[in-house]
Amino acid sequence: MTDVQLRKDHIKLLNNELTLHTPDEACGVLIGRKEQSSIIVKIVLPIKNSRPSDRSFELDSKEHYEAWNRADEEGMEIVGVYHTHPRSKASPSAWDRESMENYQILWVIVGVDGINGFEWDSCVKSVEVIEVD
Ligand SMILES: [Zn+2]
């Protein structure tokens, strides 16, 4: 994929997530659909961080499962996962890189310097974040 489309209200929600859970990381999933090389996000769904820390996160398994059902009900899919970096930049940490290799999906990171997208494709690659209305 080359880009991910997030609406203005999604971006606002993601930035709120960052501040709300500081100093811990916040996390959640992105629900939407894939279209050629783009990912169109329709729902940003916060999920409880079951292992709160300022260095890593763990999606609560029950809420993660419910998110899969919700996506399915809406005729969409989970197209990505997001988490916040309350004290660092929006680039993958060593822990993130390892996790990305194990969970190969779009990764959106909300950091102090903005929001960036990444995917694992034999190494970490950037996915452009496009803000849409
Ligand atoms: Zn991270």
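Predicted model: local features only at pLDDT ≥ 70, side-chain atom pairs only at ≥ 80, totals over all residues.
Which residues is S38 in contact with, leaving aside its neighbours within four places in sequence?

**View 1. S38 and its contacts.**
Leaving aside neighbours within four places in sequence, S38 is in contact with M1, D3 and Q5. S38 lies in strand β3, which covers residues 38–47. The residue is partly exposed, because 17 other C-beta atoms lie within 10 Å, and a buried residue would need 20 or more. S56 is 18 residues from S38 along the chain. The C-alpha atoms of S38 and S56 are separated by 27 Å.

**View 2**
Strand β2 spans residues 27–35. Strands β2 and β3 run antiparallel, and 9 bridges join them. The hairpin has 2 residues between its strands. Here Q36 takes a positive phi near 50°.

**View 3. β2 beside β4.**
Strand β2 is also joined to β4, which holds residues 77–85. These two strands run antiparallel, with 6 bridges between them. G28 has Y82 in β4 as its bridge partner.

**View 4. The largest nonpolar core.**
This core has 32 residues. V4, L30, L106 and V108 touch the most other members. Strand β5, residues 106–111, gives the core its largest share, 5 residues. In soluble globular proteins, nonpolar side chains tend to be buried together.

**View 5. V4 and its contacts.**
V4 is one of the core residues that touch the most other members. Which residues is V4 in contact with, leaving aside its neighbours within four places in sequence? They are I39, V41, G80, L106, V108, G117, V127, V129 and I130.

**View 6. The whole protein.**
The protein has 3 helices and 7 strands. Along the sequence, they follow the pattern β-α-β-β-α-β-α-β-β-β. The radius of gyration is 13 Å, close to the 14 Å that the globule rule gives for 133 residues, so the protein is as compact as a globular protein of that length. Its C-alpha atoms fill a box of roughly 35 × 30 × 30 Å, taken along the principal axes. Of the 133 residues, 34% are buried. Now take the contacts between residues at least 6 apart in sequence: 62% of them join residues at least 24 apart.

Conventions: Residues numbered from 1 in each chain as written. Helix = DSSP H or I, 4+ residues; strand = E, 2+ residues; numbered from the N terminus. Rg over C-alpha atoms; globule rule 2.2 N^0.38 Å. Buried ≥ 20, exposed ≤ 12 C-beta atoms within 10 Å, placed from the backbone. Contact = placed C-beta atoms within 7 Å. Pairing = 2+ DSSP bridges. Core = buried A, V, L, I, M, F, W, Y, C linked by C-beta atoms within 7 Å.
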